[in-house]
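Here is a brisk report on one structure. Keep the sequence and the 3D view open while reading.

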Amino acid sequence: MEYISEHKGNELKSLIESAERIIILSHKNPDGDAIGSSLGLCHFLEMKGKHVKVIVPNEYPEFLHWLPGNDFVIKYKKEPQLAGKLIEEAELIFSLDFNDLKRLGKLGEIVEKNQTASRILIDHHPYPKPFCDVEISTVHVSSTAELVYHLIQRIDDKALKNKDLCECLYVGVMTDTGCFSFNSSNPATFRAVAHLLQSGIDKDYIYDRIFNNYSAGRMKLMGYCLNHKMHIIPEYHTAYIGLSQKEMKEYDFKMGDSEGFVNLPLSIEGIIFSALFIEKAGHTKISFRSRGNFPVNDFSASHFGGGGHMNAAGGESKESLTESIKHFVSLLPDYSKWLK
Ligand code: 5GP
Ligand code: MN
């Protein structure tokens with residue numbers, strides 16, 4: 001499958017060539033693909049002599065802080081004035097790994113004010129909103145990082161010798177495929193990964209930095225969740241976990257500590273739908289995962305103002321933790337034809 005045609009490659013090449021100041025944006029609560037794809041593209045554009053800044057709405061977990069270029073990522077929540085000024089001055093704006101300016105929160109409103117910069121979308125979520133001039137958007141790819149790889153390969157494949165660039169893109173592909181356990185059946189993904197490895201990056205080292213870097217508190221919290229907080233509803237093949245702020249505090253919770261918890265119940269035979277509820281100040285953040293063809297992005301969009309992919313989505317509720325969970329459980333009978 002050709003993700004980026006020669007024509008589109010040329011169009012993007014000339015947009016890049018004619019811009020000096022470039023911004024790369026990614027979504028709220030950035031994950032490995034958001035940061036990996038953004039920093040990978042950032043390295044590429046810097047190699048082309050551009051003035052580039054990556055801006056994200058808020059902080060992200062520490063297990064991503066070792067990535068080359070991390071120290072220069074601007075968090076809007078921390079430095080709103082600087083982020084605003086850079087966006088105002090930008091001539092070209094890349095939007096990576098999200099499909100709607102709303103996914104940027106307040107930062108999205110600032111982006112909307114710059115009506116002169118050209119906008120490019122690189123994303124793999126369904127239903128992209130039309131907020132960009134050029135779109136590279138398909139759900140038939142493992143990750144945004146893989147799309148960035150295909151773009152660079154199209155424009156200047158010699159750049160793929162750069163280890164920093166390849167390390168960032170590899171992190172994006174690896175994390176968004178659950179270490180190649182899903183969304184990675186297309187041989188093109190493995191060809192892309194083989195090409196990234198040729199730069200000399202050490203994939204075992206990268207795995208270690210991401211997955212063997214947790215605190216003891218997180219492991220104990222995981223044990224507590226599985227032992228005491230995981231509720232199974234066998235008739236709907238569903239399981240959920242809810243965590244209060246008090247419980248997280250008891251385990252010295254740090255951002256990223258609940259990463260992956262939502263996947264745990266899916267390894268139980270017969271469970272096809274899993275949800276994780278995290279109590280926040282004034283709202284509840286929810287993650288959904290499914291196995292098979294139950295579209296959790298549609299479920300989340302219909303009931304929790306969210307979205308995402310068919311098997312991995314997120315949303316929010318203004319209700320308390322307890323009320324959000326009650327609401328969730330009350331919806332299950334309506335989905336009985338899917339959840340069997
Ligand atoms: P996670 O559960 O890991 O936070 O997110 C899973 C997927 O759902 C990711 O693709 C993420 O971008 C998307 N997602 C998470 N939260 C939201 C949300 O509040 N709104 C939308 N539209 N997508 C979300
Ligand atoms: Mn992604």
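This is a predicted model: local features need pLDDT of at least 70, side-chain atom pairs count only at pLDDT 80 or more; totals for chains, interfaces and linings use all residues.

Strand 8 (residues 238-243) and strand 9 (residues 273-280) pair in the parallel sense, over six bridges. Within this pairing, Gly242 stands opposite Phe277 in strand 9.

Another open sheet has six strands in the order 3-2-1-4-5-6. Here the pairing is parallel. The edges belong to strand 3 (74-75) and strand 6. Each has a single partner strand, so one side of each is left without a neighbour in the sheet.

Two bridges join strand 2 (residues 51-56) to strand 3. Val56 has Lys75, in strand 3, as its bridge partner. Helix 5 (residues 144-156) packs on this sheet, touching strand 4 (92-96), strand 5 and strand 6. The direction of helix 5 makes about 120° with that of strand 5.

## An exposed phenylalanine

Phe72 lies in the loop between strand 2 and strand 3. Is Phe72 buried or exposed? Its relative accessible area is 61%, over the 50% cut-off, so Phe72 counts as exposed. Beyond its neighbours within four places in sequence, Phe72 is in contact with Lys53 and Val54. Phe72 and Leu39 are 33 residues apart in sequence, with their C-alpha atoms 9.6 Å apart.

## Nonpolar cores

The largest nonpolar core has 54 residues. Ile24, Leu45, Phe94 and Ile122 have the most contacts inside it. Helix 6 (residues 163-176) gives the largest share of this core, eight residues. A second, separate core has 21 residues, including Ile286, Phe304, Leu321 and Leu331.

Leaving aside neighbours within four places in sequence, Leu45 is in contact with Ile16, Ile22, Ile24, Lys50, Val52 and Phe94.

## The manganese site

Which residues are the protein donors of the manganese ion (ligand 2)? They are Asp33 (OD), Asp97 (OD), His124 (NE2) and Asp176 (OD), at 2.2 to 2.4 Å from the ion. Their spacing in sequence is D-x63-D-x26-H-x51-D.

His124 and Asp176 link distant parts of the chain, 52 residues apart. His124 is in the loop between strand 5 (118-123) and strand 6 (134-137), and Asp176 is in helix 6. Both residues are buried.

## Aromatic pairs

The count of aromatic pairs comes to 23. One of them is Phe294 with Trp338. This pair is tilted: 6.0 Å centre to centre, with 50° between the planes. Phe294 is in the loop between strand 10 (283-290) and helix 11 (296-304). Trp338 is in the segment after helix 12 (321-331), 44 residues apart from Phe294.

Ring pairs link both into a cluster whose members include Tyr240, Phe273, Phe277, Phe288 and Tyr335.

Definitions and conventions
Residues are numbered from 1 along each chain as its sequence is written. Chains are lettered from A and ligands numbered from 1 in the order in which they are written. Side-chain values use heavy atoms; hydrogens and water are left out. A nonpolar core is a set of buried Ala, Val, Leu, Ile, Met, Phe, Trp, Tyr and Cys residues joined through side-chain atoms within 4.5 Å. Buried means under 20% relative accessible area, exposed over 50%, partly exposed in between (1.4 Å probe, protein chains only). Helices (H or I, at least four residues) and strands (E, at least two) are DSSP runs, numbered from the N terminus. Contact means heavy atoms within 4.5 Å. Donors are N, O and S atoms within 2.8 Å of the metal (3.2 Å for Na, K and Ca); water is not among the atoms, so sites may look incomplete. Two strands pair if DSSP finds at least two bridges between them. Axes are lines fitted to C-alpha atoms, for helices over the stretch in contact, and angles run from 0 to 180 degrees between N-to-C directions. Rings of Phe, Tyr and Trp (its six-membered ring) pair if their centres lie within 6.5 Å; planes under 30 degrees apart count as stacked, over 60 as edge-to-face and the rest as tilted.
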